[in-house]
Amino acid sequence: MILDVVSIFPDYLAPLDLSLIGKARRDGLLDLRVHDLRDFAHDRHHSVDDTPYGGGAGMVMKPQPWAEALAHVVASGADGARPRLVVPGPGGMPFTQAMARELAEEPWLAFACGRYEGIDERVYEHAAQDLGLEVSVVSLGDYVLNGGEVAVLAMVEAVARLLPGVIGNAESLVEESHEDGLLEYPVYTKPASWESGSGVTRAVPPVLLSGDHGAIASWRHQQRLERTAARRPDLLHPSSALTVDDLPVSLAQPSDAAELMTLQRACWVSEARANDTHDIPPLLESAEEVAAGLREWQTWVVRAGGRLVASVRTRSKPGDATVWQISRLMVAPDLQGRGLGRALLAHAEAQAPAGTAAYWLNAGARSERNLRTYRKAGYRVQPGEGAHPGTVDLLKPRR
Ligand code: JD8
């Protein structure tokens, strides 16, 4: 990737000689060039600013030096290549990890660091219309800096570290904050028990010393959820803050059929993979067939933030009212692993009429994860094939 930065304070970008970005430049993974805007102001004082038309405090950056600086940058390109121009500004689009990922896909970026009250607006028009550059005005955050350099330092670091080979262990990029909408989990290192000198001994959470990678992963995910809910609830879709404690379950309406069809298709993909078949009713049913199911079964839905995120349906087994059939238990894939399925199963059991002797479930014979959940809930797999090919039936006596 090529990066050009234009500033009246080129030394401000010196930190990009250091650490991983500096090494990436020396290793040729990144070609970063910094230009002094004053080199393109040819009066005795190399002046780059003047008073604002319409009056007001401060100074405005003159268009001519910028036009020459941008022309110099564009001229360094080959075969008509053009850089994408990023101009930091407090009024710009918010810089995010998603934007960093987008910019990291670009072969050539140019950054224009403004100062004073800003850059003459005609420079933005000139760059877009005359030079044919894609121009993005981007803000680092809702606070005011004195110029664009600090923003460019942050943006270049956020973009460059996503380039192949810049970060040694690319794996570590995956679980970072803002990569998947959740903040990072707390981290610890030796010693496991630390005496902080103020007479307090602090220990590392035992789960991290357990070697139980499943438990560690679930603890870390829970930590990420709790931190995000506490510090950045705005990052959480209302549905993602859903917990078993406040499970808003309601009876399904015919108008829910389309969303139910969509949710069940999303939820049974993993079952298709686990059982190596796509010939599974939840994946094949039309919205009309789902609507017909709503007339046959008492169906419950969970909505969060207006989004249908979970469902289950129940009925007395045709021909044997002592058996309470529970079916189509589903939780949106991004909300699984929080106990919502267990809570909804408990809700379905609680709807059983008097006279019910047992609860009945059906599951893919190789749906190990679901079968594990059902066994934990007290269900036992019944011998022989289940109600549908490739499935098993499970029963749980009603206590
Ligand atoms: C570029 C000049 C200073 C801004 C009068 C103070 C970004 N998140 C951000 N906050 N501030 C900037 C930023 C500030 C800049 C310039 C970026 C060029 N200034 C001006 C307008 C009010 N002074 C920024 N990214």
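Trainee: Which residue in β6 is the bridge partner of L3?

Mentor: This is a predicted model, in which local features need pLDDT of at least 70, side-chain atom pairs count only at pLDDT 80 or more, and totals for chains, interfaces and linings use all residues. Residues are numbered from 1 along each chain as its sequence is written, and side-chain values use heavy atoms, with hydrogens and water left out. Strands (E, at least two residues) and helices (H or I, at least four) are DSSP runs numbered from the N terminus, and β1 and β6 run parallel, joined by five bridges. The partner of L3 in β6 is L109.

Trainee: Over how many bridges do β1 and β2 pair, and what is the handedness of the crossover from β1 to β2?

Mentor: Two strands pair if DSSP finds at least two bridges between them; β1 and β2 (residues 31–36) do so in the parallel sense over six bridges. One of the partners in β2 is D31, which stands across from I2. The chain passes from β1 through α1 (residues 19–26) to β2. A crossover is right-handed if, with the strands pointing away from the viewer, the path from the first strand over the helix to the second runs clockwise, and this β-α-β crossover is right-handed.

Trainee: How many residues of β1 are buried?

Mentor: A residue is buried under 20% relative accessible area, exposed over 50%, and partly exposed in between (1.4 Å probe, protein chains only). Strand β1 spans residues 2–7 and is mostly covered. Of its six residues, the number that are buried is five.

Trainee: Which elements give two or more residues to the shell around the ligand?

Mentor: The ligand is surrounded by 18 residues, each counted as near if one of its heavy atoms lies within 4 Å. A polar contact is a pair of N or O atoms within 3.5 Å; within protein, one must be able to donate a hydrogen and the other to accept it, and residues adjacent in sequence count only if both atoms are side-chain atoms. A nitrogen atom of the ligand lies 2.9 Å from a polar backbone atom of G141. The elements with two or more residues in the shell are β5 (84–94) and β7 (135–139).

Trainee: What percentage of the area that the ligand exposes alone is buried by the protein?

Mentor: A polar backbone atom of V138 lies 3.4 Å from a nitrogen atom of the ligand. Accessible areas come from the Shrake-Rupley method with a 1.4 Å probe; for residues, only the protein chains shown count as cover. Taken alone, the ligand exposes 530 Å², and the share of this that the protein buries is 85%.

Trainee: How many charged residues are in the shell around the ligand?

Mentor: Ala, Val, Leu, Ile, Met, Phe, Trp, Tyr, Cys and Pro count as nonpolar, Asp, Glu, Lys and Arg as charged, and the others, Gly among them, as polar. By these classes, the shell has nine nonpolar and seven polar residues. The number of charged residues is two.

Trainee: Is Y116 buried or partly exposed?

Mentor: Y116 lies in the loop between β6 (108–112) and α4 (121–130), and a backbone N or O atom of Y116 is 3.4 Å from a nitrogen atom of the ligand. Most residues other than glycine have a negative phi. Y116 has a positive phi of about 60° although it is not a glycine. Because its relative accessibility is 32%, Y116 counts as partly exposed.

Trainee: Which residue in the turn of the hairpin formed by β11 and β12 has a positive phi?

Mentor: Strands β11 (residues 298–304) and β12 (residues 307–317) run antiparallel and are joined by seven bridges. A304 stands opposite R307 in β12. The hairpin has two residues between its strands, and the one with a positive phi of about 60° is G305.

Trainee: Which strands stand at the edges of the open sheet of seven strands?

Mentor: The order of this sheet is β10-β11-β12-β13-β14-β16-β15, with mixed pairing. Two strands have a single partner strand each, so one side of each is left without a neighbour in the sheet: β10 and β15.

Trainee: Which residue forms a cis peptide bond with K190?

Mentor: The bond has an omega of about 0°.
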